[in-house]
Amino acid sequence: MSVARCWMLEPSAIQHELLAAQHPRETTAVMKLLRYGPPGQEKPGLMDAAGQIRSLAGVVDDIAGHALSAASLDRLGQIDPQTLEAVKQPVRIGPCVGRVGKMMCIGLNYAEHAAETGATLPAEPVLFMKATSAISGPYDDIQIPRGSTQTDWEVELGVVIGERAKYVSEAAALDYVAGYCVSHDVSERQFQKERGGQWTKGKSCDTFGPIGPWLVTNDEVPDPQNLSLWLEVDGKRRQDGSTRTMIFGVKKLVSYLSQFMTLHPGDIISTGTPSGVGMGCKPPEFLRPGQTVRLSVQGLGEQQQRTVQG
C-alpha cells in the first residue's frame with residue numbers, strides 16, 4: 001500500500017483493505033462492536049466472524065450510554081449476526097464509542113516511559129483529561145496543529161465503562177467495564193510541557209484521540225494485564241510493550257477514579273503508554289505531515305493514520 005495515498009479523498013477503500021488484512025476468518029465468535037458512517041452520522045454495528053460489518057440499527061440506537069450495560073451487551077451477544085443486515089463495504093469506521101461523556105487519561109503509568117521522560121515514578125495515578133472533541137476514528141487523519149513542532153505518538157489500552165461507578169472497590173472494578181479498545185493518545189509536547197498550566201492543552205487538539213476500530217467486550221478479555229501493544233511510524237517499530245508492566249492496573253484505575261468522580265457508561269479511560277515515544281528518542285523525534293502511524297493492542301484490532309497539516 002502506497003503511503004502517498006490521501007486518506008481524506010478515499011478513506012473507505014483504504015480502511016476496507018486494513019480491516020480485511022487484520023481480520024482473518026475466526027473459528028470462535030468474538031463480539032466486536034463498532035460504529036460506521038460519515039463523521040457525526042455514525043451508526044451502530046458489529047463485525048461478524050467473517051469480517052463482514054452487520055448493522056445494529058433498530059437493535060440499539062448507538063454504541064453508547066445504556067447500550068454498554070452488562071444487560072444490553074448480554075442481549076447483543078445472543079443475536080446471531082447472520083440475521084442482521086450486511087453493511088455495504090467499503091465504509092468509514094468511526095470511533096467505536098459514541099456520546100463519550102469524559103475521556104480520562106493516565107500519565108506515566110509504565111516505569112520505562114516515566115524514565116525516558118525524566119519523571120519520577122508516581123505514588124498515585126496521574127490523571128488528566130482529553131477533550132471529547134479530540135476523539136476520532138481509527139483510520140482518520142491525524143491533523144498536526146498549527147504551530148506544532150512536537151506532535152508525538154502514544155499507543156494505549158482504552159477501557160470503556162459500562163455501568164455507573166462511584167466508590168467501587170478494586171475487587172469489583174471490572175464488573176463496571178463494558179470492554180476494551182485501542183486508544184491513541186496523540187500529544188503535542190510543547191503545548192503540554194512549555195505553555196503553562198496542565199497537560200490538557202497538549203492532549204486535546206482535534207483528531208488527537210483515535211479509538212477503535214472496535215470495542216471488544218469485557219468477557220472476551222480475561223486478563224487486561226496480559227496484552228501486548230505496539231506502534232510503528234513509517235514501518236519502523238517505535239513502541240513494543242505489554243500491559244503487564246503497568247504501574248497501576250485496570251482494576252486499580254477504575255476504582256481509583258471512582259473515588260474522585262462518578263464514571264458513567266461510555267466514559268473512557270486511556271491507561272497510559274509504554275516506552276518508545278518520540279519525546280524519549282535521542283535526539284527527540286516527532287511526527288510531521290505525510291507520515292503513516294500504525295498501532296495495535298492484542299486482540300483489539302489495529303489502527304492506521306496518516307498525518308496531515310491541520
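A: Gladly, and please keep in mind that this is a predicted model.

Q: In which sense do strand 17 and strand 18 pair, and over how many bridges?

A: The general idea is that strands of a sheet pair through backbone hydrogen bonds, either parallel or antiparallel. Here strand 17, residues 292-297, and strand 18, residues 302-309, pair in the antiparallel sense, and 5 bridges join them.

Q: What is the strand order of the open sheet of 5 strands?

A: Reading across the open sheet, the order is 7-18-17-14-15, and the pairing is mixed. The strands at the edges, each pairing on one side only, are strand 7 (142-144) and strand 15 (236-242). From one strand to the next, the twist averages 20 degrees.

Q: How many of the residues of strand 10 are buried?

A: A residue is called buried when its relative accessible area is under 20%. Strand 10, which spans residues 177-184, is mostly covered, since 8 of its 8 residues are buried.

Q: Which strands does strand 10 pair with?

A: With strand 9, residues 155-161, strand 10 pairs in the antiparallel sense over 7 bridges, and within strand 10 it is C181 that stands opposite G158. Strand 10 is also joined to strand 13, residues 215-217, by 2 bridges, and these two strands run antiparallel; in strand 13, T217 stands opposite G179.

Q: How much space lies in the largest pocket, and which residues lie nearest its centre?

A: The largest pocket holds about 450 Å³ of space. Its lining is made up of 26 residues, and those that lie nearest the centre are M31, G77, T217, D219 and E220. Strand 2 (43-47), helix 2 (70-77) and strand 10 are the elements that give two or more residues to this lining, and the largest share, 5 residues, comes from helix 2.

Q: Is R189 buried or exposed, and what does its side chain contact?

A: To answer this, compare the relative accessible area with the cut-off for burial, which is under 20%. R189, found in helix 4 (residues 189-194), has a relative accessible area of 2%, and therefore counts as buried. The side chain of R189 makes a polar contact with the side chain of D152, at 2.8 Å.

Key
Residues numbered from 1 in each chain as written. Predicted model: local features only at pLDDT ≥ 70, side-chain atom pairs only at ≥ 80, totals over all residues. Heavy atoms only, no water. Pairing = 2+ DSSP bridges. Helix = DSSP H or I, 4+ residues; strand = E, 2+ residues; numbered from the N terminus. Axes fitted to C-alpha atoms, helices over the stretch in contact; angles between N-to-C directions. Buried < 20%, exposed > 50% of the residue type's maximum accessible area, 1.4 Å probe, protein only. 1 Å grid on protein atoms, 1.4 Å probe; cavity = no way out; pocket = protein on both sides within 12 Å on 5 of 7 lines; lining within 4 Å. Points joined across faces, edges and corners; volume = space filled by probe spheres on them. Polar contact = N/O pair within 3.5 Å; in protein donor to acceptor, adjacent residues only side chain to side chain.
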